[in-house]
Each structure stands twice: as structure tokens, then as C-alpha cells.
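Have the sequence and the 3D view ready, and take your time turning the view around.

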Amino acid sequence: MRVCVQSPANALEAPGLKELTDPRRMYATALQNSETVFAIAPMMDWTDRHCRFLHRQLSRSALLYTEMVVADAVLHGPRERLLDFDETEHPVALQIGGSEPAKLAEAARIGADFGYDEINLNVGCPSDRVQSGTFGACLMRTPALVGECVEAMKSAVDVPVTVKCRIGVDDQDPEIALDELADTVFEAGADALWVHARKAWLQGLSPAQNRTVPPLDYARVYRLKQRLPDRFIGINGGIGSAEEVVAHLKDTDGAMMGRTAYQNPAFIADVEAALTGNEVQVDWDAVVNAMANYAARHVEKGGRLSHVTRHMVGLFHGLPGARRYRQILSTEATKPDAGPEVLFAAYGTVDIESARRAA
Ligand SMILES: Cc1cc2nc3c(=O)[nH]c(=O)nc-3n(C[C@H](O)[C@H](O)[C@H](O)COP(=O)(O)O)c2cc1C
């Protein structure tokens, strides 16, 4: 994927930058030009709009995913609150959960009208709540239904429709299950398939265990890409560094990072640097200023500072002062009247210079 060659925080504001690939043509362009896509995974309760705004300060080009929003909630819930996002978040994809084609089509249309650059269908989430609604990972067992869902969504929107899945569930043979799902969704018009490279075990494991216990099988995803060279296949699961992202992109079209990016967002800037081939030195003052301004606007509208700062706790991992920084965020920033000055106070305890010297 084409990216800018500037410090990400400044890049958001800087005029005259080389245009990014049109997000709505991102997958087609990537396939055409042998470009790749780096994405931050959808994570419930984590990748809300405040989190995505932070991540955008660290990468101009990463594709950002929302948390999963259930189709019924899109149709009948508090739409503005669920779907509204900041313009700077582009490229941003809405992930929807559901299994009823008509509802998914309508939810996709609403998402596209809100301005999302992509609509993604969740075929990977294993939680009980999701299974009782017969969607998420259990849809791996019914590829034909997933195909119907994708077809309905495609016919409702102009933006790319994609699927995020597992390599299989329970006793399924991943060689068969993943091929069947992939063939069906691409036949139905899907623009990309993101594969979390492990099974989901639907009985007896919690969602968190389902992200660590079933073994990762990257080779299975690489084989899918070899079999479908003209389709966009992205890989996800256990990617822990920029080097690993680069390595996966030799065998797939996209790499998606979840927990590593959330828990230590500096990795996002590392990936940006690795993919542009430029030494991107993050301007932390600019990042914190941007977040403080953003938080001030949120507080002015009646929100809490901690809604924003809770996503910033992992920012200065390993630097002198990071512990005090975290303490201030978890005690002071949670107070009802806390404002952006708390963020500045916390940041003031971090020895950023030592990181600059070490770089
Ligand atoms: C807190 C949390 C919430 C998640 N919520 C979702 C979700 O809403 N939709 C989804 O497709 N995957 C969800 N996932 C799974 C991630 O998207 C990703 O597939 C998984 O964490 C593996 O990637 P990683 O090893 O890079 O974290 C969630 C993961 C975490 C840690």
C-alpha cells in the first residue's frame, strides 16, 4: 500500500502529501500493484473511536477496524453513538456480526452511508453470546449461508465487503473448511478474506482462551494464498513485531495485528517505518498534543477523559517514568472532572529523551 513519508503525527495535518490509495479501491489496487495492507484488528471494547484516533496518530496508512457491531444494533440501536467516527480515522472498516442476509445488507448500507470505507463480516468470534445468535465463528460450519450474507451485503453497498474468519472450528479439517469458506465468499463477491490463523474451539474455551490455546497455523493461510493468487488474503493471529509483519507479507497480501498493537501502540509506528522503509521517529509531543486536543473536545461534549486515555496506558512501555505515567492515568484520569491537563502531567513523568538517545 502507498504510504506517506513523514512523521505520522505531522502527516495528518501536513498539506501537499502524496495521496494515499483510495481506501475504497484499496484491495483491488493492492492486488493489481502487488502492494500490501497492514490492519489493526477489530477488538470488542478496545478499538472504539477513541482508540482508533490514537492509532491513526501512529500510522497514516494502517487500515483500522471498529469493534464488532451486531447487525440488529446497527438497525435498531443508538446509531450515532455506535457508528460515528472522526474523519481522520480513514481508512476505517466497520465490522458487523450477524447471519441474516437482509439485516446484514441493511446494516452494511447504513455503515457505508456513515462513510465507512469497508464493511467486514465477522466469522471468527467464538463467544457464547455470539453463538447463541448463530453468527461469528460458528458460521464456519455453514459457508453457503456466509455466501448469501456476503452477496446481500455486496448488492447493498459500493465499498469493499470483506470477511474475517478462522481456519476452522472444533473438529473441522482446516484444509477443507477454509477452502470451502474462501471459495464461497469470493464467489459471492467478497473483496478480501482476513484469516485468524487458528481454529476456534466452540465448547469449553473462553473467548480469551480461544485467542491463545488453539495452535497457530500460518502455513495453512499461506497455502490458501498460493491456491488463490488472484484473491486478497490477509493473515492475523499472534503477530508480535514489525519484522513479523514484513515476513508474513512475503506470503500473504495483508497482515493484521491485534493485541500487540493495542497493548503497546508504539509497534504501530514501527510497522509504518518498516513498510515505508523510512526511519519514522515518532514525535511523541505531537501525538500527546493531538490526543489532548481530542480529549478536550470529548470532555467538552460531556465525555470522560478516561474514555480516551484508557487506550493510552501502554504507550510508553519500557521507558523510564512509564510506571508513574500509567499510575496517573489510572487514578487521576478516571476522576469525573479530569481534563487534558492530567494527560500532560502523566506525560511529563516519562523520560522521552532517553528513548531518543537510544534510537
Ligand atoms: C479484547 C479483544 C476483543 C476482540 N473482539 C473482536 C471482534 O469484535 N471481532 C473480531 O473479529 N475479532 C475480535 N477479536 C479477535 C482479534 O480481532 C484477533 O483476531 C485476535 O486477537 C488475534 O490477533 P492478535 O493475536 O494479533 O491479537 C478480539 C480480540 C481481543 C483481544
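## Before we start

This is a predicted model, in which local features need pLDDT of at least 70, side-chain atom pairs count only at pLDDT 80 or more, and totals for chains, interfaces and linings use all residues. Residues are numbered from 1 along each chain as its sequence is written.

Helices (H or I, at least four residues) and strands (E, at least two) are DSSP runs, numbered from the N terminus.

## Helix H14

Start with helix H14, which covers residues 284–300. Its 17 residues reach 24 Å from the first C-alpha to the last, close to the 24 Å expected at 1.5 Å a residue. (The expected span is 1.5 Å times one less than the number of residues.)

Which residues of H14 are buried? They are Trp-284, Val-287, Val-288, Ala-290, Met-291, Ala-292 and Ala-295. A residue is called buried if 20 or more other C-beta atoms lie within 10 Å of its own, exposed if 12 or fewer, and partly exposed in between, with C-beta atoms placed from the backbone. An α-helix has 3.6 residues a turn, so residues three or four places apart point the same way. After H14 comes Gly-302, with a positive phi near 100°.

## H17 and its partners

H14 packs with H17 at an angle of about 160°, their axes 9 Å apart. Here axes are lines fitted to C-alpha atoms, for helices over the stretch in contact, and angles run from 0 to 180 degrees between N-to-C directions. H14 and H17 are therefore roughly antiparallel; angles over 145 degrees count as such, while those under 35 are roughly parallel, 65 to 115 roughly perpendicular and the rest oblique. From H14, the contact uses Val-288, Met-291, Ala-292, Ala-295 and Ala-296, and from H17 it uses Pro-340, Leu-343, Phe-344 and Tyr-347. (Two residues are in contact if their C-beta atoms, placed from the backbone, lie within 7 Å.) By class, this contact of H14 with H17 has nine nonpolar, no polar and no charged residues. Ala, Val, Leu, Ile, Met, Phe, Trp, Tyr, Cys and Pro count as nonpolar, Asp, Glu, Lys and Arg as charged, and the others, Gly among them, as polar.

Now find helix H16 (residues 322–331), whose axis comes within 8 Å of that of H17 (residues 340–348) and crosses it at roughly 160°. This pair, H16 and H17, is therefore roughly antiparallel too. Tyr-325, Ile-328 and Leu-329 of H16 meet Val-342, Ala-345, Ala-346 and Tyr-347 of H17. The contact of H16 with H17 has seven nonpolar, no polar and no charged residues.

## Loops to look at

Between helix H5 (79–83) and strand E3 (92–97) is a loop that holds Pro-91. The peptide bond from His-90 to Pro-91 is cis, with omega near -5°.

Ser-34 sits in the loop between helix H2 (26–33) and strand E1 (37–40). Its phi is positive, near 50°, in a residue other than glycine. Is Ser-34 buried or exposed? Ser-34 is exposed, with 7 other C-beta atoms within 10 Å.

Asp-45 belongs to the loop between E1 and helix H3 (49–58). Although not a glycine, Asp-45 has a positive phi of about 70°. Asp-45 counts as exposed, with 8 C-beta neighbours inside 10 Å.

## A pair of residues

Finally, find Gln-226 in helix H10 (residues 218–227). Gln-226 is exposed, with 11 other C-beta atoms within 10 Å. Thr-252 is 26 residues from Gln-226 along the chain, and their C-alpha atoms are separated by 8.7 Å.
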